[in-house]
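Good morning. I will take a few minutes on how two chains meet. Please look at the structure first.

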There are 4 protein chains.
Amino acid sequence: MGRTVISGGTVVTATETMTADVLIDGSTVVALAAPGIHSWTEGADKVIDATGKLVLPGGIDVHTHMELPFGGTYSADTFETGSRAAAWGGTTTIIDFAVQAKGQSAMDGFEAWMKKAEGKCAIDYAFHMITGDINDQTLKEMDMLMDEGVTSFKLFMAYPGVFYSTDGDILRAMQKAADIGAMVAMHAENGIAIDVLVEQALARGETDPIYHGIVRRSILEGEATSRAIALAEVAGAPLYIVHMTAKEALDAVTAARDLGKNVFAETCPQYLFLDLDNMGNGFEGAKYIASPPLRDRAEGHQERLWKGLATNDLQIVSTDHCPFCMGDHPTFGTQKQLGVGDFTKIPNGMPGVEPRMELIYHGGVSAGRLSLNRFVDVMCTTPAKMFGMFPKKGTIAIGSDADIVLWDPTGTKTMSVDNHHMAVDYSCYEGLEITGTVETVISKGQVIIADGEYHGVAGDGEYIKRGTSQTLI
Amino acid sequence: MGRTVISGGTVVTATETMTADVLIDGSTVVALAAPGIHSWTEGADKVIDATGKLVLPGGIDVHTHMELPFGGTYSADTFETGSRAAAWGGTTTIIDFAVQAKGQSAMDGFEAWMKKAEGKCAIDYAFHMITGDINDQTLKEMDMLMDEGVTSFKLFMAYPGVFYSTDGDILRAMQKAADIGAMVAMHAENGIAIDVLVEQALARGETDPIYHGIVRRSILEGEATSRAIALAEVAGAPLYIVHMTAKEALDAVTAARDLGKNVFAETCPQYLFLDLDNMGNGFEGAKYIASPPLRDRAEGHQERLWKGLATNDLQIVSTDHCPFCMGDHPTFGTQKQLGVGDFTKIPNGMPGVEPRMELIYHGGVSAGRLSLNRFVDVMCTTPAKMFGMFPKKGTIAIGSDADIVLWDPTGTKTMSVDNHHMAVDYSCYEGLEITGTVETVISKGQVIIADGEYHGVAGDGEYIKRGTSQTLI
Amino acid sequence: MGRTVISGGTVVTATETMTADVLIDGSTVVALAAPGIHSWTEGADKVIDATGKLVLPGGIDVHTHMELPFGGTYSADTFETGSRAAAWGGTTTIIDFAVQAKGQSAMDGFEAWMKKAEGKCAIDYAFHMITGDINDQTLKEMDMLMDEGVTSFKLFMAYPGVFYSTDGDILRAMQKAADIGAMVAMHAENGIAIDVLVEQALARGETDPIYHGIVRRSILEGEATSRAIALAEVAGAPLYIVHMTAKEALDAVTAARDLGKNVFAETCPQYLFLDLDNMGNGFEGAKYIASPPLRDRAEGHQERLWKGLATNDLQIVSTDHCPFCMGDHPTFGTQKQLGVGDFTKIPNGMPGVEPRMELIYHGGVSAGRLSLNRFVDVMCTTPAKMFGMFPKKGTIAIGSDADIVLWDPTGTKTMSVDNHHMAVDYSCYEGLEITGTVETVISKGQVIIADGEYHGVAGDGEYIKRGTSQTLI
Amino acid sequence: MGRTVISGGTVVTATETMTADVLIDGSTVVALAAPGIHSWTEGADKVIDATGKLVLPGGIDVHTHMELPFGGTYSADTFETGSRAAAWGGTTTIIDFAVQAKGQSAMDGFEAWMKKAEGKCAIDYAFHMITGDINDQTLKEMDMLMDEGVTSFKLFMAYPGVFYSTDGDILRAMQKAADIGAMVAMHAENGIAIDVLVEQALARGETDPIYHGIVRRSILEGEATSRAIALAEVAGAPLYIVHMTAKEALDAVTAARDLGKNVFAETCPQYLFLDLDNMGNGFEGAKYIASPPLRDRAEGHQERLWKGLATNDLQIVSTDHCPFCMGDHPTFGTQKQLGVGDFTKIPNGMPGVEPRMELIYHGGVSAGRLSLNRFVDVMCTTPAKMFGMFPKKGTIAIGSDADIVLWDPTGTKTMSVDNHHMAVDYSCYEGLEITGTVETVISKGQVIIADGEYHGVAGDGEYIKRGTSQTLI
């Protein structure tokens, strides 16, 4: 690929904001230099003028579900369409979830997902493992998966009968994780209690999407979060709470962090922008069905989450990207409509991998809630450190992969299904006008998005063998 | 029975400390009067001189297990021997636990326990119901049990496969309790997680009694307590935590109470006097096996519990009386010895119904930790109010049952198996010298303990149909 | 006075609710008896039929300011008019504040106040001491005052230049109090900071009464409360926070109490019923000027205070009765009008000694926020115990003063300046309809209010030498 | 100065750890480059081989007192000796405190300190302003000082009669700070209360240094910290607590930060390494006299502070360098000995500017309490951002001053008065063996420490006009 220079931009990392040229040799950043002090530019194969632009590390979305089998269908984006949409949004690395179903081998699940992704991705990718069946075999396979670069294992306190782990399973998996240096990622909702409330709601004829939001009480997310923290303390393991939505949960994490425990959490743009009201309006609310659900704005969850990002009680914004079409999907058929008349049958998930960077820049940086450095931290740097990909990913530094986004801080855009690239027939943010836009995206030294065109090919993205977490105290 | 006068003593209630004669007509207190201002004494059938004595309401022990089937044997005290021992200790009312086993009817369980107790008791008695199997039938039977005066239902977050309820069962039972005004009593330990630790300990060859105390981590009592509070909030139900031992659990209850929630808790003398060290010394530690276990003194649980009694974050001291012999029981055979070589087989429980009042007076009042009124409150008055027996029980007031203890505040005694009346072959407090002793015990106007003799007969005690809790905010 | 019987009523104490006759011999309760079981009634000099009525201990208002010199005038009620108004409202004991002004002797202040009250009071009375000048002489006089039954000393963190004590003064006084067993009562507002805000408000032309409420920030009451608690911990002294208004302050007290510290607090009816809006409407707001001020209802202070009364984080409701007329006072001349054009010149205080019992019964018992027993506790029993007057005052028990109120639980009344008996020309609760009314008031065995008439004479009330607090842990 | 290359080292910033050459042009970092990819080295005037070394940003000590007049003497280090000692320890920037004494002009104070420092310093320096007399004039001078690059103002809640500000002064200064974007730095001890305890100790004959530590209760540091936070909230100003020592204080800061308030704090090495015991041993303890004092290790302050550094509840480690000789100072005469027989006369302060970096590396990084990046953050980067000097200072980035330390991570050293360069006759850490040592120090591109020699001259260091804080949320 030769030499590329990004010249004259403002390079932003989690710590620095500096006027510097970025020198790329092949796929790697080899120098940062004050403009004009070197002769590299002359010999460069490509010079990208970044004057007036921010030069940011490529985004990392640590929580996506491409082509996930769910309730008889599959999430609408394949690794090809989904990773390409990610690129459009300035994200250059995703961590998806390989799945071990009940009664199956975890390694088999990993290999199946490797196969699904192989040769398809526009950007680099890695996997967490959903360990849906904790047993002696699984615990042994965790060692093997570590060797394959799968260093984080997701457990569910929700979805009894599907991915649900008992507290005993969780404790065993956490003990194993503590032994081998793995991270446990947790879906923290008390699914056992929620299922009672679901059953009662259905029995009362409450079948619309809005009831999904009402029965999944925020206090039951808080409870599960507290429980996961207690179990992690017993096991001596680090803990990462995925897709946090509730102030009660954030309070629990904040208290644990004040004590210096290795407890971490992510939230997602939908919990920062949308609320329970979106789930109303009859079956239209199906667009916004995910678990945990959107919360009641009046209860203050949303501002608490934004504040948590600023105070580092929340560390990461991921998307939980898991789109399902409202109409028929060309390949996978009926999706959200599966749940007409029964909200429990609506496939859970929202599209989000593409707009993540622009949404958080808009609501965070432009709105004055997050500094530019903190934006880079929660979107790029901490995701890489949390999941063992730093400094290859997550920053612009000597030796790092040249995953870089040129950002127009004054660019504007209207979010819409009409201009997005995800393979789903609606946008959660239809009509939202945002400030701050992706202009050019470079993945490992190669320009893949520029001038409103995608310049890559499926398979550009490679699998990343991850190391252990680099955030532990 | 005619008229009895207790003259010249110091009558103590949860609020008052007054020099007054107590006038009893039959089984009922009919007057309190300044000494010498009435002619009642002349016509009395019996005059008891209480000069220099405290005149206290009879104690109420809200947590006993007489003749409880457990692990192939029965707790060593029958309703006859156990209730008589209670009387010796100044307790005039017990609430025992009727048991619904898995797959059985709750009403059947209640009737079986009524039959066991009938005609046996030295003092009045009532029942909580252990609902070991929550299902539609059980929920219906809760209504019937309320009509029978069983207004509190105990659930277990421990003992999977035996009494364990899932969080869904608990939520359902709490919702029902909220509907009908019942109290839910909770054994709060995360039994699912504990069982993993137990299994691992046994696999490591850790079979001595001390390991029972080590594996049942206090943080897992704290976790379960927090979870029970969250579920109760979802259900809108009051909650009563039984036999609390851990500072983590008390912190959770304290926080809930600060918010004005109807959350209550009891502890037991063993958790206020004994500690993890008692469980050492080889199989001798089996004497002190109960769940939750005795705690590590250095961690500060004990002083936190005493403080909680003073601040009303703990409301009641009960005993969880559930004795098993170290040697063979004359009727029930091998007991504690069942667990030689495997601590999980040791029947859980300690004897305690007899020394409760004297222990708490000694460690509380004599040691300056509790006022005399607070002593009466936690031992007599709040137990009666918590479980719907006030003002018939729990105080000395006009119209109340004449359940009265004459207390010698300067009396001393050495606790020993040699002088206790429980049908068990050891004392947990062997050799402990205490100050403040029971002198005379009156149950419903009848002197049943006096001059070192028991004057009652089996069957003096009657079943009490309880009302709903009188402590709710 | 002979023998009086109150027959057939429902006697309520902090613990009991019982149908009982109350037998009074002279000024003292000598018996409580079940109706019909004694012959006392026949020989009684007076029988009062209490059928259908509650028989309550007389109320105790531990915070009044009769005839207090303030800003060039005097509070509008003399000991004669004020104590009589108290009696009308069911209060049979008041604790007023003797004042040591800067540069004066505390004993002189005490004697001056004793003289003011002598022969005037309708009901019994006691004094706290405002120690407005802490010095070696004052510290010595604290011993002498203890001997006179003045066992509590009030300090001010507000009012620099008037009653203000520095933190050093406070610490010294607290150390002395710890030595001699006295209670320190604290006006907890950061007056130094508030005076800066006051000066700035006046400089901006903000002179209306409402600005009094705006500048005295609730956070500065919270701060001062926390500081007083810290100083009390250093000194090892108990602490009583007077007239609490702010949730921040109550949070601080709650946290201290959770740790078992001897920290107590009172609030007043005005903070439970009124809010910042009352202080608007131009100079009309002057009616509601007091310090600390009424709070913004939207901030949740009021419901937090009610909850605190229920949870015992607040222990007492007093009035801080300190009335000033809106028009000219017949004796003392211009009062509230002194502050036209400058809110700092408005005499601080509201009338309240008369409606206290009826207001709290209405908002507490009738509204379901407080049980009847808790009502008696916060209005009668704990006030007596807190300030060393129990069991002479604060309950209905053998040997207690016969200070008793017959209460009509279904009686209704409209609060108004037209039917109150305080010597002030407005009511803070004009037009408020309440349920639960005072019917008959007995002070030391003598009926002083009955049938809508006052039957006592000035001087019925006697000075009470108080003992030390009976509430310490 | 030409071009310098630091080649082959491991460059560490608050975020990155990378193998890179650092290219310096004159006084500025102009490039970071992978070794071998550029030709810069050939043309360089100087190449420094950093193989095996860490290349760190120069340390920033935001709290020093050079030549401070105190109690009749001066702190022992002049700007010349002190700043040179700082350089020896790897610190390349200090912020000292100019002093406005009571009754004087702040600008005059600033100018006096500017004059003292001018032409003396080995490294760059800036000033905070001690505003010892808040009045209208001072508030106006704050504007002028901002223009001079003095953007932080220190107030004292201790030292009544000297630097003490009342809460009113503090509030006024904070309001001004909020208006102009300044930071308020606070000495948070309740000096008014402490002075009472001091006076009482002296009256009891407790005159040894140890009593300094005993009377200055940690709870009174906690109290003052809470109060400062409350006042800052009223004013809407950011707050920076200097030299925090007490867990109570850190708890208050942690709680404020959890709520997203702009509250920050520093601690110092002495509070992380030393304790109350150091203050014993008769007058030897005078070496360790500072305010706030060293704390009782058993109370857990020290580990809480270390934990706070890890969790970012503490943001900075400074030194409060303020040395006084135990023997006679050649210029300033008697110093610590002034307080023989009266601990209040002992000049307050300890030497520390030199060993700061090595101590915290040793106790933090080598001991596993802080990551290398976090070490750089608390010692270099956050100090620069907190006080408006970033990115000129505090990092190694394009355009930053070339203030760089070559660090030997395996170097060892024994702390001693014999090898330090501070002008004081003792070391607080005498005999302590540490791992991780300063090897070469570069200030603005110039090597000032290398090969065990100082290569600079007085006056190399320049005054830094600081901007406003870059850490505000």
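To begin with, between chain C and chain B there are 0 salt bridges. Keep in mind that this is a predicted model.

The rule finds 8 residue pairs in polar contact across the interface of chain C and chain B, with both residues at pLDDT 80 or more.

Next, the extent of the interface. In contact are 34 residues of chain C and 34 residues of chain B. The size of an interface is often given as the accessible area lost when the parts come together. Here the area buried between chain C and chain B is about 2400 Å², and carbon and sulfur atoms give 56% of that. Of the area that chain C buries against chain B, 24% comes from C:Thr15, C:Asp258 and C:Ile398, more than from any other three residues.

Now strand 5 again. Strand 5 of chain B, residues 28-33, is joined to strand 5 of chain C by 3 bridges, and the two run antiparallel. As for B:Ala31, its bridge partner in strand 5 of chain C is C:Ala33.

Chain A and chain C have no contact, and their closest C-alpha atoms lie 14 Å apart. Chain B and chain D do not touch either, with their nearest C-alpha atoms 14 Å apart.

How values were computed:
Residues numbered from 1 in each chain as written. Chains lettered and ligands numbered in written order. Predicted model: local features only at pLDDT ≥ 70, side-chain atom pairs only at ≥ 80, totals over all residues. Heavy atoms only, no water. Contact = heavy atoms within 4.5 Å. Buried area = accessible area lost by both parts, 1.4 Å probe. Salt bridge = Lys/Arg side-chain N within 4 Å of Asp/Glu carboxyl O. Polar contact = N/O pair within 3.5 Å; in protein donor to acceptor, adjacent residues only side chain to side chain. Pairing = 2+ DSSP bridges. Helix = DSSP H or I, 4+ residues; strand = E, 2+ residues; numbered from the N terminus.
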